[in-house]
Each structure stands twice: as structure tokens, then as C-alpha cells.
Amino acid sequence: MRWLGLAIVVTIVLAIISLFVGVSDVSLGALLSSSPEDRPMQVLLISRIPRTLAIILSGASMAIAGLVMQMVVRNRFVEPSTAGTTESASLGFLVITLLAPGWPLMGKMLVSALFALAGTALFLRILRAVPLRDVLLVPLVGIMLGGIIGAVTAVIAYRYGLMASLLAWSMGDFSGILRGRYELLWIGLACCILAYIAADRFTVAGMGKDFTTNLGLNYQRVMVLGLVIVSLVSAVVLVSVGSIPFLGLIVPNLVSLMVGDNMRRTVPWVALGGAGFVLACDIVGRIVRYPYEIPISVVVGVLGSMIFLFLLLRTRRHAA
Amino acid sequence: MIVTSEVTKSYGATAVVDGVSLTLPSGGITSIIGPNGAGKSTLLSMVSRLMAMDKGSVTVDGLDVTSTPSDVLARRLSILRQENHMTARLTVRDLVSFGRYPYTKGRLTLDDKRHIDEAITYLNLTELTDRFLDELSGGQRQRAFVAMVLCQDTDYVLLDEPLNNLDMKHAMGMMRLLRKAANELGKTVVLVLHDINFASWYSDYIVAMKQGRVVNQGPAAHMIDPAVLSDIYDMEIKVHEIGGQRISVYYE
């Protein structure tokens with residue numbers, strides 16, 4: 001409990017640093033010496049606060065989505081980007097953008113979430129048809145499925161001259177976040193709360209189908225609830241900031257090593273860890289080439305793949 | 001009382017469990033024995049609604065297992081399968097606590113905590129409570145699973161080969177504990193057992209299966225008999241009486 005308090009403090013400090021990093025002069029001094037209509041306060045309200053909130057919300061909810069997915073699929077190495085979920089959400093967003101360009105973002109997001117749900121269900125269907133005993137083969141199947149769906153998306157985008165937009169939204173980037181362009185991410189927070197409320201169910205499902213049935217829970221229903229959370233979060237984050245790879249993988253795995261898998265205990269850790277990790281990566285991305293920026297997906301991708309490799313090698317040693 | 005009638009499960013053309021009608025008495029220990037592939041585990045899975053049956057029906061105290069709400073059954077009957085691949089990293093205490101889930105849906109009361117502590121003490125896990133399951137030996141893990149099932153505090157406890165992974169001392173300890181649970185707590189324990197001597201020593205009632213059918217059943221004294229056993233296992237089995245217990249010898 002004391003450590004959790006410390007984690008909250010660290011996350012808040014990172015959030016404050018995140019607010020004050022940038023090209024425009026937004027320091028406490030500048031804020032106090034100018035009137036609210038002036039540039040510093042406006043930059044803070046329109047750009048900086050929305051950006052920091054977007055980072056916290058998407059970081060926390062993507063990490064939770066990874067956690068929920070790992071519990072219901074019962075595999076440590078699945079997350080939305082290794083199960084075809086993100087790619088399906090992207091395909092859905094492209095399709096609805098072509099068919100109904102005038103729809104509000106909320107509607108497009110929901111279509112994208114439906115595609116994500118269908119893509120993930122397909123992934124699970126494939127897993128059931130090919131029972132894989134090796135834990136590492138499961139994410140490989142997911143990555144291959146994601147590759148196929150991604151290829152279909154690319155062909156459609158190419159055909160209709162939307163390659164540039166596709167690239168823009170599949171690469172996670174917070175630099176375009178302004179007031180009015182991130183609010184869908186609050187749905188991600190709602191999903192995190194839902195995951196916390198249903199935490200015990202997910203832990204039970206993580207023990208397997210037989211245990212779940214023995215304890216009187218409907219396994220199928222828990223699965224569906226989990227997949228809805230995962231799909232919704234993936235779609236919301238995709239349409240708001242783009243995809244952030246590995247996040248849903250490394251944060252829950254590191255938390256699992258520290259405090260285990262009882263979700264009642266891990267949800268706060270995973271949410272804070274996700275938010276803190278993305279905040280830190282975003283600050284790094286903004287400072288390294290100051291005044292230019294490196295997109296978040298690149299920073300998280302580089303750091304994340306290193307941690308992912310470490311986790312993989314560790315499992316191998318464990319299994320041997 | 002558990003009653004099965006005409007329970008059948010087939011894979012393709014082969015019936016793994018073939019029209020089994022059984023009445024298992026309440027109280028005491030009932031063991032299901034028989035050669036590999038006799039359908040013992042499949043039958044147990046269907047009785048405990050883990051597996052759907054193709055034909056037939058099962059009732060537990062008059063409740064039909066396919067139509068009774070699962071959470072109602074979870075307070076009557078608990079089941080532990082033979083293979084338990086647990087990928088989730090839970091502590092022993094966490095695992096045992098989940099045995100209370102059918103009653104609490106997650107919010108533990110003082111009464112639940114008492115049940116949890118009792119189950120942990122009952123299985124000698126006190127020193128291991130805060131250890132993660134993946135840090136335990138196979139035998140310790142098996143005891144933790146049984147503790148969870150006992151913590152569920154159901155009238156019927158179904159265990160599929162609970163002696164798997166246990167050495168002689170712990171196998172004996174487990175059987176004594178189940179005997180104690182049957183005598184003191186009034187549980188009805190149904191086991192799938194491979195070791196017929198454990199079955200002989202500890203069971204009140206024995207059911208023998210072969211090729212998906214029940215071929216014989218009765219009190220242990222009736223079942224542990226050279227002719228009966230030889231017929232079940234298709235091999236010569238001698239039975240000796242040692243200190244008032246019937247012991248089978250089948251090593252050559």
C-alpha cells in the first residue's frame with residue numbers, strides 16, 4: 001500500500017513535468033505574470049493539459065487492456081497489438097472513413113471497436129482450432145493475423161489514396177492532441193473502472209475454464225466482457241492517438257513479477273504503471289531532439305521491445 | 001445423492017462413456033477405479049458440469065446439473081481436475097480464498113476468512129500461504145488446490161486423481177484427510193483413483209468402469225476380490241488380508 005502511494009506520487013510528478021515541457025514558454029512565472037487570455041494560459045489549457053490527460057488516459061487504459069487480455073486468453077504475451085486487435089480496429093476505422101466520412105468520431109470509433117472485437121474473436125477461433133502448447137506461438141499467430149489484416153488495410157488505403165492518413169493514425173503520436181480531440185479517451189478510463197469492478201471474475205477466468213465453472217461463473221460471459229473492454233480501449237486509443245505497441249505487454253508483465261496476478265491487487269499498479277511509462281517516454285521523446293519531437297510509438301517501441309526481449313529470455317530460462 | 005442416468009459421451013463413433021446409470025450414496029468416500037481410457041475422468045467431468053453430455057442426465061440432491069444455475073451448484077459440489085495448468089501467478093492464500101467465491105463474489109467476510117484459515121491449516125500450508133503457486137513443488141501445489149476445493153465447503157467433493165504428484169507420505173496424508181473430511185465434516189467424497197490399494201483401504205464404496213461402462217460396484221469388501229479385480233483389469237490380481245485390510249498384489 002505504501003509503495004502504491006509512492007507510485008501515485010511519481011506519476012503526478014511526471015504529469016507535472018509533462019505539462020511544462022515544450023517550445024512555448026509555459027512556466028509558473030509566465031502563467032502568473034500574464035492574464036488568462038494571454039498565450040501561456042491558453043497554451044496550457046488548449047494544448048498542454050489535454051496532451052497530459054491524453055497520455056495518462058491512453059497509457060493507463062492500454063496497459064489495462066493488455067492485462068485483461070492476458071487473463072482471459074491465459075497467455076502472458078498477448079496484448080492488442082499481438083492478437084490482431086489493433087490492426088482490426090485500424091481496418092474498421094479506414095472502412096468507415098471511406099463509407100461514411102461525415103460520421104462523428106464517436107460513431108467511427110464504435111465501428112472500429114466492432115471490427116476490433118471481430119478480429120480478436122477470429123484470433124481466439126484460430127487458437128481453438130490449432131491448440132498450441134508453446135506459450136510463444138500464441139502471440140506469433142496473433143502477429144501473423146495482424147499482418148494479414150494490416151496488409152488488407154494497406155491495400156484498401158493505397159487504392160483510395162489514404163496511405164498518408166493510415167500511417168498517421170497507426171503511428172501513435174501525442175503532438176496533435178488539442179482540447180476537443182482527446183475526450184473519447186475518457187471511455188478508456190471507464191473501461192479501467194469496469195475492469196477493476198470485474199477484477200475477481202477476470203482472475204477466476206485466468207485460472208482456466210474448469211476452475212471458473214467449478215466456482216459457478218459463466219466462463220463465456222467473462223470472456224466476452226473482457227474482449228469488449230479490450231476492443232473498446234484499442235479503438236478509442238487508436239482513433240485518438242494512434243497505436244502504442246508493447247505497452248499492454250510490458251507493464252502487466254512487470255507488475256505480475258512484482259505483485260502476482262490477483263487482479264484486485266494488480267489493476268491499480270498496471271493503470272499507474274501504464275500512465276507513468278507513457279508519460280516518461282513522451283517526455284523523453286520531446287527532449288531528445290528538442291525543439292522537435294519523436295513520436296511516442298517510436299520511443300515506446302524501442303524501450304518496449306528491449307523489455308519484451310528481456311521478458312522472453314527470462315521465460316525461456318524459467319521453462320528450461 | 002448423485003444420480004446419473006444413461007449418461008453418454010462420444011467422440012466420433014467411439015463412446016467414451018456409454019449409458020452410465022449410477023447412484024452414488026451420500027456420505028463417505030466413493031472411489032471410481034478402472035483401467036486407462038475407461039471413461040472415469042470423463043464421467044466425473046460430466047457429473048460436475050465441466051463437460052456437456054451427449055445423452056442422459058445427472059442430478060445432485062435432485063438438482064439437474066445442466067439446468068441448475070452454475071453458482072447454485074458451486075455451493076453444493078466442487079471438482080478438482082487432474083491436470084491443472086495454472087498460468088496465473090497467485091499466492092496460496094489468494095487461491096484458497098477464491099474457494100469462497102460462490103458465496104462472496106469477491107468480498108470476504110470474517111466468516112470466510114475463518115474458512116480460509118481452516119482450509120490452510122487442514123492441509124498444512126500455513127508456512128506457504130504467501131508463496132506464489134509457481135514457486136511450489138508439484139505436491140505442494142496439489143495440496144493448495146485441494147485446500148481451495150475444501151474451502152468451497154460443498155457437501156460433495158469430486159477429485160480426479162488427487163494423489164497425482166504426491167509421494168507416499170503425502171498420498172497417505174491426503175487420503176487420511178479426505179477420510180477425516182468425510183467423517184468429521186460429513187462430506188461426500190468421490191474420487192478417481194488408480195491405486196487400488198488406497199481405494200481398498202479408504203473407500204466405503206467402489207465403482208469399477210471399463211470401456212465406458214460400469215462393470216461392477218459395491219462396498220469395498222465386495223469389490224476387492226481376486227475374481228472381480230481380475231475381470232476389471234484383464235490381469236491376474238491376488239488379494240491378501242494383512243492386518244484386517246485387503247491388499248492387492250499384481251506385480252507379476
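Author: Gladly. Keep in mind that this is a predicted model.

Reader: How many residues of chain A are in contact with chain B, and with how many residues there?

Author: Two chains meet here, so count each side by the contact criterion, C-beta atoms within 7 Å. On chain A the count is 18 residues, and on chain B it is 22.

Reader: Which helix gives the most to the side of chain A that touches chain B?

Author: Two helices of chain A, α9 (199–206) and α10 (209–214), each supply at least two residues of that side. The top contribution is four residues, and it comes from α9(A).

Reader: How many residues on that side of chain A are nonpolar, polar and charged?

Author: Sort the residues of chain A that touch chain B by class. Four are charged, four are nonpolar and 10 are polar.

Reader: What is the strand order of the open sheet of six strands in chain B?

Author: The pairing in this sheet is mixed. β6 (77–80) and β10 (213–219) of chain B each have a single partner strand, so they stand at the edges. Neighbouring strands are turned by 15° against each other on average, direction ignored. Read across, the order is β6-β7-β8-β3-β9-β10.

Reader: At about what angle to β7(B) does helix α1 of chain B run?

Author: Helix α1 (residues 40–47) lies across β3, β7 (156–160), β8 and β9 (205–210) of chain B. Against β7(B), its direction is at about 150°.

Reader: Which residue takes a positive phi in the hairpin of β1(B) and β2(B)?

Author: β1 (residues 2–11) and β2 (residues 14–24) of chain B pair in the antiparallel sense over seven bridges. Lys9(B) stands opposite Val17(B) in this pair. Two residues lie between the strands, and the one with phi near 65° is Gly12(B).

Reader: What is the bridge partner of Thr8(B) in β4(B)?

Author: β1(B) is also joined to β4 (residues 55–60) of chain B, antiparallel, by five bridges. In β4(B), Thr8(B) is partnered by Lys55(B).

Reader: Is Val135(A) buried, exposed or partly exposed?

Author: Val135(A) is found in the loop between α5 (105–129) and α6 (137–159) of chain A. Beyond its neighbours within four places in sequence, Val135(A) is in contact with Asn75(A), Arg76(A) and Phe77(A). It has 16 other C-beta atoms within 10 Å, so Val135(A) is partly exposed.

Key
Residues numbered from 1 in each chain as written. Chains lettered and ligands numbered in written order. Predicted model: local features only at pLDDT ≥ 70, side-chain atom pairs only at ≥ 80, totals over all residues. Pairing = 2+ DSSP bridges. Axes fitted to C-alpha atoms, helices over the stretch in contact; angles between N-to-C directions. Nonpolar A, V, L, I, M, F, W, Y, C, P; charged D, E, K, R; others polar. Buried ≥ 20, exposed ≤ 12 C-beta atoms within 10 Å, placed from the backbone.
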